[in-house]
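Visitor: I am new here. Please show me the structure, and then let us go through it in short steps.

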Amino acid sequence: MTTDQAPAPDEETLADLHETELLFEALPPRIAEALRETDADDLLEVVLDLGRQPTARHTDREVVLSEDEVTAQDLDHVVAAISEFADDNRAGIPRTLHRISAIRNRRGRIVGLTCRVGRSVTGSAGAIRDLFEAGRSVLLLGAPGVGKTTMLREAARVLADDLDRRVVIVDTSNEIGGDGDIPHRAVGRARRMQVPHPELQHQLMIEAVENHMPEVIVIDEIGTALEATAARTIAERGVQLIGTAHGNTLHNLMQNPTLSDLIGGIESVTLGDEEARRRGTQKTVLERRAPPTFESLVEIQSFDRVAVHEDIGGTVDKLLRGFDAEAEVRTIGPGGEVSGATRVPVASAPGDSPEPVRERSRERRELPPAPGGPLRRILPFGISRSRLERAIHETRSDAEIVDRVGDADAVMTLRPYYRRRSGPLREAASRGIPVYVLRNNTISQMEQSLMRMRGDDDQPDPTTSALREAEEAIAAVNLHGESSIELAPQNAYIRRLQHELAARHGAASVSRGREPYRRVTLTAGDSAARDLRHTNGDTSPGVE
């Protein structure tokens, strides 16, 4: 094909040609030939920018297709071979899933094209098929290009063909059903309503329910408050929803004031005094405003890995109240089946980052508790649960948080609550459970109480306890072959006594960390001590 304008293929040719070849046919001949010589299996898109070399983007690399720059004639060639551009500057090739997006200059002339390869992947929704088989409304999240629309398209086919449900797709930019008036075969028997203008998507969503009696509505890219409201209206009418939204994780959605309504909405609530005391929280708290529009949420982390929140309402409630919550991470096999599933923790609050939370949890598991008495079970009343968890970790206290007075060995509260002595505090007094009163709801105050708690009853003298801990550690490194043991944080005077004790028994010691958590680490030999000092920046054992 050597003419400036590629002839539109007829219906018979469309049926015979491979869809990737159809995209190649729409490109300038020199670029199409270069693409045919490369591996197109992992081709994502072809980029044509005026005055620059044409490039092909693959999953793991970019390839220059020609040394010659893209000309205005090249761009015109592509525009003539595809459908007309809509208001969102997107076009396509009829009966295919390919998408061509335009970049225009200030006068409206096209100066760049992004030709994305569209593919249907049978079985791509197999990892979450159990959710929509059960009739649950499912929201998909994920980074651009990770496969949200591919999974959404396959879900529509499964629901329409395999489960025999009445499915209507509200297709904003022909992303799901492909370009042209006839939907792509990848959506099966699902019906498709095309959105003429993206800003009118919410109207088409309501129209689909009112006019066509669907059992399932499939929506791509919910991104505005009007669309979120329309989705809630559809859910309240008993229609199952399968959709995608802007955002990568549940954490992003909870921070988005526009789209948080999809998971029930989050608002600040002022509690009464009695309710705040009963919950053991401050009077102003965050709560879920309403039932979630979508019952389940799926984070698409990669092509072969998804994180499933099956009961999104319960997960949001736990996170807002500071409790632990988990997601089920499913690994997807080559055929789309679930090859493995594990449960992992998620962020404890909207302001927390999931990765540091996991990192802190990992540190807490690896760091042994400091000696100083039996396990303490602490009931927080009127103080921050998450801050207390961090204080327990920082001080290496052998303690855990409980929710009932009957399970507690100690109660930690603030002065205003202690003065009233109501609810759990009155019950604690009747049971003889000690109450630790803080001046402020800060991590520092909690750490001080934990340090005091470590030495009460069983070990009233902190110096004796610290030296006994050092003796046990020295025996472990000298006699039992332990490579190194880290002692509990102590003040400078007690650390000096521990260093002297270690020197008398032939063990190497070094101080590490910052005040007030600076602590002594014991090792079996001089070489080990030198390695440790080199790692931590100390110059000699025992130096404070």
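Guide: First, a term: a salt bridge is a side-chain nitrogen of Lys or Arg within 4 Å of a carboxyl oxygen of Asp or Glu. This is a predicted model, in which local features need pLDDT of at least 70, side-chain atom pairs count only at pLDDT 80 or more, and totals for chains, interfaces and linings use all residues. Residues are numbered from 1 along each chain as its sequence is written, and side-chain values use heavy atoms, with hydrogens and water left out.

Visitor: How many salt bridges does the count come to?
Guide: Side chains of opposite charge can pair when their charged atoms come close. By the 4 Å rule, the count comes to 34 salt bridges.

Visitor: Which residues are linked with Glu154 in a network of salt bridges?
Guide: One link is the salt bridge of Glu154 with Arg157, whose closest N and O atoms are 2.7 Å apart. Both residues lie in helix α6, three residues apart, about one turn of the helix. (Helices, H or I of at least four residues, and strands, E of at least two, are DSSP runs numbered from the N terminus.) The network links Glu154 with Arg129, Glu133, Arg157 and Asp162.

Visitor: Is Glu154 buried or exposed?
Guide: Buried means under 20% relative accessible area, exposed means over 50%, and partly exposed lies in between (1.4 Å probe, protein chains only). Glu154 has a relative accessible area of 6%, so Glu154 is buried.

Visitor: Which strands hold Glu45 and Arg116?
Guide: The side chains of these two meet in a salt bridge, 3.6 Å from N to O. The pair ties together parts that are 71 residues apart in sequence, because Glu45 lies in strand β1 and Arg116 in strand β6.

Visitor: What does Arg116 count as, buried or exposed or partly exposed?
Guide: Glu45, at 11% relative accessibility, counts as buried. Arg116 has 33%. That makes Arg116 partly exposed.

Visitor: How many residues apart are Glu486 and Arg512?
Guide: Their side chains meet in a salt bridge, 3.7 Å from N to O. The pair links distant parts of the chain, Glu486 in strand β22 and Arg512 in strand β23, and the two are 26 residues apart.

Visitor: What separates the C-alpha atoms of Leu43 and Glu62?
Guide: Leu43 lies in strand β1. At 1% relative accessibility, Leu43 counts as buried. Glu62 is 19 residues from Leu43 along the chain, and their C-alpha atoms are separated by 9.5 Å.

Visitor: Which element gives the most to the lining of the second largest pocket?
Guide: On a 1 Å grid over the protein atoms alone, a pocket is an open set of points with protein on both sides within 12 Å along at least five of seven lines, while a cavity is a set where a 1.4 Å probe fits but cannot get out; lining residues have an atom within 4 Å of a point. This pocket is lined by 45 residues, and Gly145, Val146, Gly147, Thr150 and Phe303 lie nearest its centre. At least two lining residues each come from β1, α6, β10, β11 and β14. The most, five residues, come from α6.

Visitor: How much space lies in the second largest cavity?
Guide: There are two cavities of 30 Å³ or more. A volume is the space filled by probe spheres set on the points, with grid points joined across faces, edges and corners. For the second largest cavity, that is about 50 Å³.

Visitor: Where does Asn174 lie?
Guide: Asn174 has a positive phi of about 60 degrees, although it is not a glycine. At 18% relative accessibility, Asn174 counts as buried. Its place is in the loop between β8 and β9.

Visitor: Is Met213 buried or exposed?
Guide: Met213 lies in the loop between α7 and β10. Its phi is near 50 degrees, a positive value in a residue other than glycine. At 60% relative accessibility, Met213 counts as exposed.
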